[in-house]
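Colleague: Please take me through this model, pairing and packing included. I will ask for particular values and names.

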2 protein chains.
Amino acid sequence: MNTVVPLEIERLSRLSTDILTKHGFSDQHATAIAKIITTCQIDDCHSHGLFRLLMCCETMKAGKIDGQALPVLHATEGAVTRIDARQGMSLLAFEAGLPRLIDNTRKHGIAALAINRCFHFSALWPEVEQLSSIGLAAMAMVPSHSWVAPAGGKRGTLGTNPLAFSWPRSGRNPFTFDFATSGFARGEIELYLRAGKPLPEGVAVDKDGYPTTDPQAALDGAMLTFGGYKGSALSIMIELLAGPLIDDLTSMESMKFAEGMGGAPYHGELILAFDPDHFSGGQTARNDARAERLFADIVDQGARLPSQRRFDARARNIARGYVEVPAALFEDLKTLQNGG
Amino acid sequence: MNTVVPLEIERLSRLSTDILTKHGFSDQHATAIAKIITTCQIDDCHSHGLFRLLMCCETMKAGKIDGQALPVLHATEGAVTRIDARQGMSLLAFEAGLPRLIDNTRKHGIAALAINRCFHFSALWPEVEQLSSIGLAAMAMVPSHSWVAPAGGKRGTLGTNPLAFSWPRSGRNPFTFDFATSGFARGEIELYLRAGKPLPEGVAVDKDGYPTTDPQAALDGAMLTFGGYKGSALSIMIELLAGPLIDDLTSMESMKFAEGMGGAPYHGELILAFDPDHFSGGQTARNDARAERLFADIVDQGARLPSQRRFDARARNIARGYVEVPAALFEDLKTLQNGG
């Protein structure tokens, strides 16, 4: 059954906040979470849209998250902003740290935001796109749970460790990517499991280290990184920069912390921002033109820029005023909305 | 013929500076270049060791490089150091900018060094390892020439765009990687060509866009990125950050600038540095231990950390006091040393 339900865009936010507040999130947290979920759903980014409300509720049931926690900014100097999410969901902490990240980037040319002690379930592209929407370039990364084997290994050590990047384009959608350094995103495997579909070859091994295409065996075993030893190296870099560098957990430690209770992983997040005006010595205009020539050469040979499908979905969904949600998911959401 | 010639380590630097000064590089440039070439050769990093002296001489013959250029630091504020290599080789500019990069990183927590208008032939790992050797984490990236097709494309738009990263480990070799975002490094393809060996499948297309394993056809056609669309996205990010962000050329523009004359590409370079003590709020020791547990879990399952082969070679070559150089290359170098 692939039936879908149309859902008006104006109802997305209310549906999300209803579910979140009914399940223990403060109004502030619910609003911050609903904003990101709505943003993802409008772009047909199903794995990180309304589907993730289920994980938010599971996270609350697992008992470790503080749905009321108010993030606290560390009194730091320099170009690094450190914010303690105090075991709340990451998104309110991101919002609270963002103004200082922006100020520091404008002031120093480059700056970082380190979010500590947060539960994390969300796509990173809405965060880097908030920065590119005001003319800054940005990169974001997080560990997750140790579901992914390093190149040449056979058990989970690394997280799915996504890397996101966004580059501002005047009057156009930004150049944005947001990919898991695992061959597949964990959320995608969960969608395959729900849909009863086999995985492609080469993205996972079972609990004994053998290749598998069974979503449940993959979830019980270990995923593989994309791109062989290079993807593995990149994933380790993300562990280090968004973990030990910022005094926060690795994916192994996050997994251990969860004690098998499910829900969102608990760890840190690192966001870097770059001010093109500062880096280019005020030559932003001519360098924007230079970047556009690069993008044009990619598109002219029939290749696509990353996120193009997402931007197309956004335009289509906004124009028609509704998104399409899998009917089974919509039923689950209605149950949650009624406090189930 | 795979015969090799032993060459005493103490002779590497003198051989390199002799060749470089005989071919138009100032003593300062020759010393900076020889230092990196020697470092690479001691690690058996053949593609970026003595072999690259040929490219340095070719670059001089191509006529655009200034072998005497003294780099000039821009009077910039904030955490970004900008240095103009003034059409010289990159390495002297890196050396000149490094102290300010280190000062800025200690002061701000995160800092960047942008090298502009440089010819560039060198591996990035010796640069990031200079930073990790004093306790900083570091990342470096450069464009090159537009030899690499984007995912879904069929002609060269992107450079081989290497990304390097190094993480300091107390009393041990650092965690370091340095990989081309192309499936193969350009230097590797040149070594295959010299050796008359076919390339692996999937790393290149010919000039008509068809897959090829012929090294010369690959050099005449386009290389592919590693890791499909994710590697391609990463490569585009490197184009943007080490190009338009810092007011310097993309790989397409670098290729155009060369006018088919060969030699090293001409473009910019971006180095980022991170102070773990600053990011962790002074908790470096416990986070070093955390990183070591991560590395131990990787090694314990039989996987290798990146650069391990290089560190092993370094230990072996330093212990025996000599490196092994292909005999044919050594003949070429002797000819160059005699002014040929």
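Modeller: Two strands count as paired if DSSP finds at least two bridges between them. The model is a predicted one.

Colleague: How many bridges join S6(B) to strand S10 of chain B?

Modeller: Pairing needs at least two bridges by DSSP. S6(B) and S10(B), the latter covering residues 222-224, run parallel. One bridge partner of B:Val148 in S10(B) is B:Met223. The number of bridges joining S6(B) to S10(B) is 2.

Colleague: Which are the edge strands of the open sheet of 3 strands in chain B?

Modeller: The pairing in this sheet is mixed, and the strand order is S6-S10-S9 in chain B. An edge strand here pairs on one side only. The edge strands of chain B are S6 (148-149) and S9 (204-205).

Colleague: Which element gives the most to the side of chain A that touches chain B?

Modeller: In this contact, 60 residues of chain A meet 60 residues of chain B. The elements of chain A that give two or more residues to that side include strand S3 (80-89), helix H4 (90-108), helix H8 (228-241) and helix H11 (284-300). With 8 residues, the element that gives the most is H8(A).

Colleague: What rotation superposes chain A on chain B?

Modeller: The superposition has an RMSD of 0.0 Å, with 0.0 Å of shift along the axis. The two copies are thus related as by a two-fold rotation axis. Because 100% of the interface residues of chain A are also interface residues in chain B, the copies meet through the same surface. The rotation is 180°.

Colleague: Which residue of chain A comes closest to the rotation axis?

Modeller: The distance to the axis is taken at the C-alpha, and for the closest residue it is 2.0 Å. That residue is A:Gly227.

Colleague: Against which helix do the buried residues of H6(A) pack?

Modeller: In H6(A), residues 186-195, the buried residues are A:Arg186, A:Ile189 and A:Tyr192. They fall within an arc of 115° seen down the axis of H6(A), so they line one face of the helix. An α-helix has 3.6 residues a turn, so residues three or four places apart point the same way. The helix that the buried residues of H6(A) pack against is H7 (215-220) of chain A.

Colleague: Which residue follows H6(A)?

Modeller: The residue after H6(A) has a positive phi, near 65°. The residue is A:Gly196.

Key: Residues numbered from 1 in each chain as written. Chains lettered and ligands numbered in written order. Predicted model: local features only at pLDDT ≥ 70, side-chain atom pairs only at ≥ 80, totals over all residues. Contact = placed C-beta atoms within 7 Å. Helix = DSSP H or I, 4+ residues; strand = E, 2+ residues; numbered from the N terminus. Least-squares fit on C-alpha atoms with pLDDT ≥ 70 in both. Buried ≥ 20, exposed ≤ 12 C-beta atoms within 10 Å, placed from the backbone. Arc of directions from axis to C-beta.
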